[in-house]
Amino acid sequence: MKVSIISLTCCAGCVSSFLNAGEALLDVLSEEFEVVYSPTFVDLKEIPQVDLAIVEGGVRTETDEKLIREVRAKSRTLVALGICATHGGVTSLGNLTSVKKLLEKEYSLLDSSTLPELTDLMYPICNFVDVDYYVPGCPPMPLLIIHTLKSIINARPPQRHTSVVCIECKRKIVPKKLDRLYGIYEKESDPELCLVSQGFVCLGSVTRDGCGAPCPRAGFTCFGCRGPADSLLYRERDLYSFLVKIISARTGIQEDTVKEELHRNPFVFHTFVFSKFERSKARERVI
Amino acid sequence: MSGKKEITISPATRIEGHGKVTIILDEQGNVSNAYFYATEIRGFDYFLLGMEAERLPFIVSRICGVCSTAHIMASVKAIESIFETEITETARKLRELLLMGQIINNHSLVFFFLTLPDFWFSQEEDPNRRNVFQIMREKPDVGKKAITLRSFGAQIADVIGKREVHIVSVIPGGLINPLRDRERQELLQKAEEAGTIAKEALDLGKELFDKNWEDFRKAGDYRTNYMALTKGEALEFYDGTISVLDAEGKPLSRFEAKDFMEHVEERKLEWTYAKFASLAGLKWPEGIVQVGPTARMNVSAKAPTNQAEQELKEFKKRFGNPAHATLLFDYARMIDLLYACERAKELLTDENLTRTDTRVKVKPKAGRGVGVVEAPRGTLAHEYELTRAGHLKSMKLIIPTQVNNAAINLNVKDAAMEFIHRGDIRPGLLNRVEMVIRAYDPCIKCATRQANAAIAIEIRNSQGELLRTLG
């Protein structure tokens, strides 16, 4: 199987995560898996026709857009790896402000003949091309990547994770009566109790599982990097209210107060940016 | 050959991020100029304005997934400096260990996956074979060692930081979770093996380096100042004083992290999204300074662990102090790696590492603060100004690749002049130019978190016509 690994606008953390898979990575590499194009690892300078393209990063420049279209046209199967490719990721925070304008002002001297133009927003790749499998995560855990790739190599549909992070988190959900919500640095957390029950804004209850819940298990709130769970994918407009209801129920805090806190948390953004994600058969393709 | 020509290498390969190089040839086909470009931009410096301090570390971590731990460390240190928080000794040790994991994870990747293929194969090798996957096919045990060493770095991040990439346990005030003794012992066991592999890798690296050294000793030896963190004149990554050496090897300045921004300034040039950083108060180009593995060797009088100390001595004896040639970054990186393995083992041997006092309460306040650490690619500084409500008012990041940006460009030109004559641009020669870039292990992601950067090589003639694109 000929494979290309492509990075668009991103932090390179997803390919980094893939390379952290240890012996499982050697397994994949020893199978029928030949990386023929990857500016990070291989010297080939032109994009070749491949069986599988693994794409990390989203579209922030015209070069990204051109590249992803060419990659799609030259790949049989295309995997969007990580939240930037699947949803736009952290760089989408720039969509909340006029980053493009600010940058144009700051870099007004730039010679446009040598540098690519910015797109108006940061986009997930599915805004431009058809995606065969979405593997959200910031980054996806190494073994999740490996399992997905192995299934594709063996021409089997990859195992999907359809539930929420809470399923993988061992903390006990107990309704409490709290007077306010807390920032993660404001107080130490009880290691047994659900973080939401303790007043922390944890997004585990709406976020897709498959990561093993490393963040809430460690006492750090889930920030939704795996995107919405299946059950919430088609209720996009209700997702926000759903989250508000859950937090309110577990903390006893009024829904309006919870809403205020969520407004201050740009990371909720991960969960809500699904632009054209629900089109066609996207739901069946999220791993 | 008549008229000027321009050669582009795009994308520059086996580096992290999108890169492009342009080499301009004169009428005789000799190099008249060369540039290394960044062509991405993301806008972190803008969209983070107004962000609550407590969310900063794990968002700035996303500037770079390759050196995310280093960014988190610089970030929490900057916040702690504003809040005047003193973390516990246990937290300090765990953070240093995480940073060693970062160095091991990164440097093993750079050595085995990015630069080794250049040394392993001949320059005239088929470019489609000149990569780590081919090495793995030919010598599976080398691949296994590469993965084992890199995994050790990832495991440190996973066990202590709770994730392999973008760790979550490090917060202002210390770490959320203490280390369990069982975990400490498991990591200690792996540290043994990692140390052995790092030494073997260094020996292999030296052997292959020697074969190439004659070719490269004059390629990219622009003389600059050097900067790194030191602790009592010794090699250090987590805290200490910033020391600057001039091109002759004389101490130029020594200052505390809090004064960092007074000593380093930024400038923009019109042809790249990556900004340049240089020493403040000195004219361009006198203020050009380099950071990273070679700078650490040049600035440190000694290394605190046995094997690294021997290697450092040998390095200084052989290449002088300061050492200038760019390819020495590849050599010095292996001494970093050996040190990180030795130091990780030392830290893991300490039973106090599992004490539970990993966290102190922080008292948020307004103000300005700087956090500095040695990231894999060199000295990394984050400066934040916070409002009384704890929101980000301004932010300034000085990133190693930005600091090295000037030297990279000068040395790319120098290397191009060394290797390209009379319009002869065979791929083997152009790859030698790329090797000089690779030696820096430039991180375009980091240098261009404001913009979306790519780096590519073009060779053009003196009328600016495109002669050849390595792309």
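Tutor: Start with domains, whose bounds here come from an automatic or database domain assignment. This is a predicted model. Chain A is divided into domain 1, residues 2–160, and domain 2, residues 165–272.

Student: How many residues does each domain of chain A give to the contact?

Tutor: Domain 1 of chain A supplies eleven residues and domain 2 of chain A supplies ten. On the side of domain 1 of chain A that touches domain 2 of chain A, seven residues are nonpolar, four are polar and none is charged.

Student: How is chain B divided?

Tutor: Chain B has a domain 1 made of 5–43 + 414–470, and a domain 2 covering 44–400. The C-alpha centres of domain 1 of chain B and domain 2 of chain B are 26 Å apart.

Student: Back to chain A. What does its secondary structure come to?

Tutor: Chain A has eleven helices and seven strands. Of its 287 residues, 53% are buried. Taking contacts in chain A between residues at least 6 apart in sequence, 75% join residues at least 24 apart.

Student: In what order do the five strands of the open sheet in chain A stand?

Tutor: The order is S2-S1-S3-S5-S7 in chain A, and the pairing is parallel. Strand S2 (34–37) and strand S7 (133–135) of chain A each have a single partner strand, so one side of each is left without a neighbour in the sheet. From one strand to the next the twist averages 30°.

Student: Which residue of S3(A) stands opposite A:Ser7?

Tutor: A:Glu56 in S3(A) does. The pairing behind that is between strand S1 (residues 2–7) and strand S3 (residues 50–56) of chain A, which run parallel and are joined by five bridges.

Student: Which strands does helix H6 of chain A lie across?

Tutor: Helix H6 (residues 142–153) of chain A lies across S3, strand S5 (75–81) and S7 of chain A. Relative to S7(A), helix H6 of chain A runs at about 165°.

Student: And how do I read a pair of helices?

Tutor: Two packed helices are described by the angle between their axes and by the distance between those axes. In chain B, helix H4 (residues 89–120) and helix H11 (residues 328–349) pack at an angle of about 145°, with axes 9 Å apart. The crossing of H4(B) and H11(B) is left-handed. Residues of H4(B) in the contact include B:Leu97, B:Met100, B:Ile104 and B:Phe111, while those of H11(B) include B:Arg333, B:Leu337, B:Ala340 and B:Leu347. By class, the contact of H4(B) with H11(B) has twelve nonpolar, four polar and six charged residues.

Student: Do the strands S15 and S16 of chain B run parallel or antiparallel?

Tutor: They run antiparallel: strand S15 (residues 378–386) and strand S16 (residues 392–398) of chain B are joined by six bridges. B:His382 stands opposite B:Leu397 in S16(B). The hairpin of S15(B) and S16(B) has five residues between the strands, and B:Gly390 takes a positive phi near 85° in this hairpin.

Technical notes: Residues numbered from 1 in each chain as written. Chains lettered and ligands numbered in written order. Predicted model: local features only at pLDDT ≥ 70, side-chain atom pairs only at ≥ 80, totals over all residues. Pairing = 2+ DSSP bridges. Helix = DSSP H or I, 4+ residues; strand = E, 2+ residues; numbered from the N terminus. Axes fitted to C-alpha atoms, helices over the stretch in contact; angles between N-to-C directions. Contact = placed C-beta atoms within 7 Å. Left-handed = near helix turned anticlockwise from the far one by under 90°. Nonpolar A, V, L, I, M, F, W, Y, C, P; charged D, E, K, R; others polar. Buried ≥ 20, exposed ≤ 12 C-beta atoms within 10 Å, placed from the backbone.
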